[in-house]
Amino acid sequence: MKKLALLLAAMMLVVSVAGCGSNTSASSSSQAAGESGAESSAAQNTAAVSPVTSWDGKELSVVVGPDPDTIDPALNSTVDGGTMIAHAFEGLFALDKDGVPQPAQAESYTLSEDGLTYTFTLRDGLKWSDGTPLTAEDFAYSWQRAIDPATAADYSYMFECIDGYADGKLDVTAVDEKTLEVKLIAPTAYFLELTAFPTYMPVQKATVEANGEQWALSAETYIGNGPYKISEWQRGSHITMVQNENYWNVEALGPESIRFNLVEDDVAQLSAYKTGEVLFVDTVPNDEIDALKPNEDYYVMDQIGTYYVSFNVQKAPLDNPKVRQALILAVDRDWICVNVGKADQVPAGAYVPPALSDADPTQSFREVGGDYYDPSFEAYEDNLAKAKEILAEAGYPNGEGLPTIEYLYNEGTAHQQIGEALQSMWGELGVKVELVSQEWATFLNSRKNGEYNVARNGWLGDYNDPISFLDMWITGGGNNDAQWSNPEYDKLITEIKSTGDQAVRMEKMHQAEDMIFADWMLCPLYYYTDIYMLSPVVDNTWASPLGFKYFMYATPKAA
């Protein structure tokens with residue numbers, strides 16, 4: 001392994017790369033340049049990188065990603081798109097800085113004694129951004145639209161907890177203009193969190209039906225109910241949102257406008273930050289991390305998520321579980337975290353990340369479930385030896401007979417460097433790997449459609465429960481990029497969602513994760529942390545452990 005580490009270090013000293021994601025995007029110069037920058041930064045101690053010394057609070061200019069693939073609340077499945085949606089739309093509830101659901105479009109709710117019926121009361125006088133009334137029926141329509149097969153929403157399964165989902169007709173009733181009644185199949189402790197998620201946000205029926213899928217592609221037809229509305233959208237440049245004067249809590253808003261600059265290249269992002277063009281960037285080039293760490297405007301936050309590799313299990317040779325297992329065991333995760341991640345990421349020995357609780361809230365799901373292999377540096381040599389044995393058992397000793405495997409990733413410094421590391425690590429098995437990069441939107445659709453062999457992937461929890469990492473793998477699920485199908489797994493997920501007994505739920509969720517690794521259908525690399533730059537002149541913004549960023553209440557920081 002020492003020889004491999006030296007080879008990778010030498011390779012990364014000379015390569016120039018570009019791109020990144022859940023989506024983050026990145027690009028870098030060289031490892032040597034990053035190290036010299038670190039010395040300079042350390043001398044500055046905690047000085048801010050941004051030259052901006054004041055902000056008038058009027059327009060906040062930020063970067064959370066490139067052109068979004070979609071910002072239709074029902075269709076989006078990315079963090080950058082979700083951040084934009086959270087500024088233009090609002091659910092019945094919204095998460096506060098601590099991740100606690102708070103009344104939003106709903107003023108209050110009641111829950112039946114059996115925990116199955118929620119009755120929400122909407123606020124008085126709610127309106128869409130075009131000034132027309134918003135009623136309970138808008139929520140009923142939008143949720144039903146999200147599960148309609150014609151909509152093809154990746155997250156349609158998120159409504160499985162609502163009675164009637166299995167029959168295609170949700171038991172959601174607009175009792176009157178201000179009252180929405182929702183009946184569940186089992187008590188669901190995280191249901192209020194679901195109502196704050198983009199997929200549960202309402203869309204305006206008249207606009208959607210008049211414009212079809214095009215409604216979410218232009219400022220003129222992008223009618224929302226949230227704190228801001230789109231005033232300008234120049235593709236490849238920016239989306240500008242201004243305060244929505246019809247929002248129920250408009251007086252509490254901060255910036256008059258928020259400019260979401262659409263930038264994929266992380267070198268360009270950091271450059272814009274360093275010149276003061278933007279006051280927030282959601283990623284930085286990996287080779288700049290060491291230099292940026294000492295600065296007061298550099299942030300590393302905990303995140304509920306896992307960076308992993310997807311196998312297309314329908315395509316040879318990845319349709320062979322032993323080939324997948326060999327590839328999984330041949331990865332030195334510790335090396336990737338230390339030399340590429342550089343932000344306190346934790347090598348992953350499983351899929352569900354450590355931050356989620358088990359039935360006993362004093363224990364995490366990960367503590368109870370344990371690891372499925374040892375991800376430590378010390379175990380790497382043994383793992384590699386076992387990987388070689390398993391690949392030989394699969395009929396490919398020393399990789400002989402294996403076709404070249406294509407590894408697909410979206411553009412970004414970290415993604416490319418991880419691809420290069422995997423290329424070398426899998427090369428220890430005799431496996432030949434070709435690296436292929438695509439821009440973000442193209443990459444998302446290639447992966448979703450199964451047009452790949454092996455691909456970079458990552459998942460952040462949608463709410464604070466392990467099922468958010470497990471229900472995505474049901475047969476035909478919109479986020480099941482692996483194209484995996486296991487009827488017993490599907491049955492288990494249905495059982496989990498059909499009970500409110502936490503002990504039973506957790507036991508079955510551990511069984512579900514066991515099935516994932518019995519089939520070796522994905523390759524976890526590390527548990528995420530969230531890196532971003534925020535100018536010290538900006539106050540009252542926050543980052544959610546689920547990945548979303550919130551700017552609607554931003555104010556100038558007091559001197």
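Predicted model: local features only at pLDDT ≥ 70, side-chain atom pairs only at ≥ 80, totals over all residues.

1. Residues are numbered from 1 along each chain as its sequence is written, and side-chain values use heavy atoms, with hydrogens and water left out.

2. Strand β14, residues 298-311, is mostly covered, since ten of its 14 residues are buried; buried means under 20% relative accessible area, with a 1.4 Å probe and protein chains only. Strands here are DSSP runs of E with at least two residues, and helices are runs of H or I with at least four, numbered from the N terminus.

3. β14 runs antiparallel to strand β19 (residues 522-534), to which ten bridges join it, and it also pairs in the antiparallel sense with strand β18 (residues 454-460), over seven bridges. Two strands are taken to pair if DSSP finds at least two bridges between them.

4. How many disulfides does a search of the whole structure find? The search finds zero, where a disulfide is a pair of cysteine sulfur atoms within 2.5 Å. For C523, the closest cysteine sulfur is that of C337, and because the two sulfurs are 12 Å apart, they are too far for a bond. C523 is itself buried, with a relative accessible area of 0%, and C161 is also buried, at 3%.

5. The whole structure holds two cavities of 30 Å³ or more, and the second largest cavity has about 70 Å³ of space. A cavity is a set of points, on a 1 Å grid over the protein atoms alone, where a 1.4 Å probe fits but cannot get out, and lining residues have an atom within 4 Å of a point; grid points are joined across faces, edges and corners, and the volume is the space filled by probe spheres set on the points.

6. The lining of the second largest cavity includes P187, Y190, K497 and R505, and helices α16 (487-497) and α17 (502-518) each supply at least two of its residues. By class, this lining has four nonpolar, three polar and two charged residues.

7. S364 lies in the loop between β15 (346-347) and α11 (365-369), and S364 is buried, with a relative accessible area of 13%. Leaving aside residues up to four places away in sequence, S364 touches P354, L356, S357 and D358, contact meaning heavy atoms within 4.5 Å.

How values were computed: Buried < 20%, exposed > 50% of the residue type's maximum accessible area, 1.4 Å probe, protein only. 1 Å grid on protein atoms, 1.4 Å probe; cavity = no way out; pocket = protein on both sides within 12 Å on 5 of 7 lines; lining within 4 Å. Nonpolar A, V, L, I, M, F, W, Y, C, P; charged D, E, K, R; others polar.
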